[in-house]
Amino acid sequence: MNEYDSLRILKSLETAGYTSASSYEDASVILLNTCSVREKAEVKVYSELGRLKQLKKRNPRLIIGIGGCVAQQEGKNLLQKYPQLDLVFGTHAVPKVSQLLSRIKDTRKKIVYTEMNGAEIYPADSYTPDEKQLTAFVSIMQGCENYCSYCIVPFVRGPERSREPAAIVSEVARLAERGVKEVTLLGQNVNSYGKTLTPPQTFPELLYAVNEINGLERIRFVTSHPRDLSPELIQAFKNLDKLCEHIHLPLQSGSDRILDRMNRTYTATEYLNKVAALRAAVPNISITSDMIVGFPGEAEEDFQATLDVVGRAGFDDLFFFRYSDRKGTAASQLPEKVPYDTMVERLETLKEKQQEISIKKNQMVIGQTLPVLFESRSKRSPEHLAGRTRTNKVANCKAPADLIGTTALVKIERAHIHSLSGKLI
Ligand code: SAM
Ligand code: SF4
């Protein structure tokens, strides 16, 4: 989401006549877009602001701005703590950044803009992809009202609000016309897309409409809340040729007691039933997930329950995070914090378990011939190209560079933890 917002800001600045600078030293404006989901990202921003202080000293005309979730959360406090800042802009200010910069240039006055007034963050047709861009994100909604007890997102991105389907379809069609082959529809919980629209729409209805767009080859989406994963969405995987066989379905914990304290509103068994329904409908679907270890009060038996569910779910890949206390969230008030060393140990155990599963999952496709959309030269060797299978696995093979941007068949010969490699057919 932050990457998408950054790109939107970059595009709006290009339209206003700005060009990209090659380094901080060459820039007349520096904007940091920030994430506050975990403490580590926030700490990085503060250390970056320290570096920028020196630049501002050398070049007082330099405009420095901070945007995104940390800016939304901290607002004007940031100006007090970091006098090198000229602009603080929140998560809903994405379409206003260029206007705010002009005002600062004209008046040389600092601005804090953290309003959340319900205005459209992503105006229709305001985004033009780069030439040769193959993949693109498209936001279909903003905000979240689930209030998972550990999560800062509802506080910094505001209430859930869906974009009009016509605006989304028109944006994707424009992208496809300009050569984009794959779109990823973005939202904090795409499964509840459309509830705030009049008349209400559903996420599968949107998928059916996007599937009709000429020139587009692949549709992906993130993220899905397990509670809202409907039978209609599972059916869409079967019916829609462009919808790729991959779902990211964050579980967060395998313990019902912890899931309840997290306010996730499902049990581990309900989750596993959804996984089974997905696999029954689409046997080769790849399923990835997020897991938090060390949520307050997580006992050894809760962690064992997580390991057990991870074994039973058979995820293709897993993103795991150490619980991070976020100011203002319900979980930050819970007293039974898990010691740091225990969290690190559990993270390591979980990582090892998932690596064994990931490699087995990848080995299962050895010998299969899969369509791969080539995106770039491989980092490993200039003679190799890297692309993705429909199941969102990175696949490398020896191939001529003019295949970048096309989909070709690759016979998979080797499996690694995070990728596949094979031979061009
Ligand atoms: N909306 C998505 C969902 O519900 O799955 C995810 C949004 S969140 C930005 C991405 C991931 O960060 C979550 O799935 C969760 O695993 C992790 N996360 C969120 N808050 C966290 C916290 N306080 N500590 C550690 N991990 C956290
Ligand atoms: Fe955060 Fe939960 Fe909303 Fe995801 S669904 S953004 S984890 S509150």
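**Figure 1. Pairing of R388 in the predicted model.** R388 stands opposite V394 of strand β15. The model shown here and in the other views is predicted. Strand β14, made up of residues 384-389, runs antiparallel to strand β15, made up of residues 394-398, and five bridges join the two.

**Figure 2. The β13-β14 hairpin.** Strands β13 and β14 are joined by a hairpin through six residues. Their pairing is antiparallel and extends over five bridges. Within this pair, S376 has A386 in β14 as its bridge partner.

**Figure 3. Pairing of β13 with β16.** Strand β13 covers residues 369-377 and strand β16 covers residues 407-415. The two strands pair in the antiparallel sense, with five bridges between them. L370 has V410 in β16 as its bridge partner.

**Figure 4. The five-stranded barrel.** Five strands close into a barrel, and their order is β13-β14-β15-β17-β16. The pairing in this barrel is mixed. On average, neighbouring strands of the sheet are turned by 50° against each other, with direction ignored. In a regular strand, side chains alternate between the two faces of the sheet.

**Figure 5. Surroundings of ligand 2.** The residues around ligand 2 include four from the stretch written with cysteine and tyrosine names, namely Y147, C148, Y150 and C151. C144, N146, V153 and P154 also surround the ligand, as do Q188, H225 and R264. By class, this shell holds seven nonpolar residues, three polar residues and one charged residue.

Figure 6. T91 is located in the loop between β3 (87-89) and α5 (97-107). T91 counts as buried because its relative accessibility is 2%, and buried means under 20%. A polar atom of the T91 side chain lies 2.7 Å from the backbone oxygen of V156. Leaving aside residues up to four places away in sequence, T91 touches G68, C69, Q72, M116, I121, V156 and R157.

**Figure 7. D402 in the loop between β15 and β16.** D402 is placed in the loop that lies between strands β15 and β16. With a relative accessible area of 63%, D402 is exposed, because exposed means over 50%. D402 and R61 are separated by 341 residues in sequence, and their C-alpha atoms are 45 Å apart in space.

Key:
Residues numbered from 1 in each chain as written. Chains lettered and ligands numbered in written order. Predicted model: local features only at pLDDT ≥ 70, side-chain atom pairs only at ≥ 80, totals over all residues. Heavy atoms only, no water. Pairing = 2+ DSSP bridges. Helix = DSSP H or I, 4+ residues; strand = E, 2+ residues; numbered from the N terminus. Axes fitted to C-alpha atoms, helices over the stretch in contact; angles between N-to-C directions. Near = heavy atom within 4 Å. Nonpolar A, V, L, I, M, F, W, Y, C, P; charged D, E, K, R; others polar. Buried < 20%, exposed > 50% of the residue type's maximum accessible area, 1.4 Å probe, protein only. Polar contact = N/O pair within 3.5 Å; in protein donor to acceptor, adjacent residues only side chain to side chain. Contact = heavy atoms within 4.5 Å.
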